[in-house]
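Take a moment with the sequence and the 3D view before reading on. Then follow the chain step by step.

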Amino acid sequence: MLQQEKSAAGVICQVKTQHATQASSLPLTKDVLGIVATLGHVDDDNLSRLFSEFLGLEKMMAIVCMTYQGVKSIESYEKERNISKGTGASIAKPVDGRFEVIS
């Protein structure tokens with residue numbers, strides 16, 4: 001996932017891992033359940049490979065939000081890269097390209 005660090009999914013992962021204590025209160029990650037690729041788990045490696053091939057990279061990198069407000073937060077972050085006042089510019093990573101969100 002971190003290989004895609006400039007994707008929306010990569011930014012979400014970086015914020016959640018590098019700023020874990022703040023992540024739950026940030027508008028960007030507050031309503032985010034996770035990334036499709038990290039939410040599911042299949043014990044069989046072959047089945048897991050087939051499932052990821054079936055979904056494709058774009059669906060595997062989709063962000064899953066609990067509410068529509070979470071989707072709006074991601075959209076506003078992409079446009080403004082504004083997480084919250086006082087959080088620091090180190091979190092404000094650029095997002096390259098389009099991204100898929102499931103609400």
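Predicted model: local features only at pLDDT ≥ 70, side-chain atom pairs only at ≥ 80, totals over all residues.

Begin with the layout. The protein chain has five helices and three strands. Read along the sequence, these elements follow the pattern α-α-β-α-α-β-α-β. The chain holds 103 residues, and 32% of them count as buried. Now consider contacts between residues at least 6 apart in sequence. Of these, 63% join residues at least 24 apart. The protein chain exposes about 6700 Å². Carbon and sulfur atoms supply 52% of that area.

Next, go inside. The largest nonpolar core has 16 residues. Among those with the most contacts inside this core are Ile 12, Leu 28, Val 32, Ile 35 and Ile 63. Cys 65 and Ile 74 belong to that group as well. Four elements, namely H1, S1, strand S2 (63–65) and helix H5 (68–80), each supply at least two residues of the core. Which of them gives the most? H1 does, with six residues.

H1 spans residues 8–18 and is mostly covered. Eight of its 11 residues are buried. They are Ala 8, Ala 9, Gly 10, Val 11, Ile 12, Cys 13, Gln 14 and Val 15.

Now pick out Ile 63. What does Ile 63 touch, leaving aside residues up to four places away in sequence? Its partners include Ala 8, Ala 9 and Ile 12. They also include Val 32, Gly 34, Ile 35 and Ile 74.

Asp 31 comes next. Asp 31 sits in the loop between helix H2 (20–23) and S1. Is Asp 31 buried or exposed? Its relative accessible area is 16%, so Asp 31 counts as buried, the cut-off being under 20%. The side chains of Asp 31 and Thr 67 are joined by a polar contact of 2.4 Å. Asp 31 also touches Val 64, Cys 65, Met 66, Gln 69 and Gly 70.

Move to the surface. Leu 33, Leu 39 and Met 66 form a nonpolar patch there. Together they have about 300 Å² of accessible area. Leu 33 is found in strand S1 (residues 32–35). Leu 33 is partly exposed, with a relative accessible area of 48%.

How many salt bridges does a search of the whole structure find? The search finds two. One joins the side chains of Glu 53 and Arg 49, at 3.0 Å from N to O. These two residues are four apart in helix H4 (residues 45–60), so about one helical turn separates them. Glu 53 is exposed, with a relative accessible area of 52%. Arg 49 is partly exposed, at 40%.

The other salt bridge links Glu 100 with Lys 59, and their closest N and O atoms are 2.6 Å apart. Glu 100 lies in the loop between H5 and strand S3 (101–102), while Lys 59 lies in helix H4, so the pair ties together parts that are 41 residues apart in sequence. Lys 59 is partly exposed, with a relative accessible area of 39%.

Methods:
Residues numbered from 1 in each chain as written. Heavy atoms only, no water. Buried < 20%, exposed > 50% of the residue type's maximum accessible area, 1.4 Å probe, protein only. Patch = residues over 30% accessible without salt bridge, like charges linked within 9 Å, V, L, I, M, F, W, Y side chains within 5 Å. Areas by Shrake-Rupley, 256 points an atom, 1.4 Å probe, with all protein chains shown as cover. Salt bridge = Lys/Arg side-chain N within 4 Å of Asp/Glu carboxyl O. Core = buried A, V, L, I, M, F, W, Y, C linked by side-chain atoms within 4.5 Å. Contact = heavy atoms within 4.5 Å. Polar contact = N/O pair within 3.5 Å; in protein donor to acceptor, adjacent residues only side chain to side chain.
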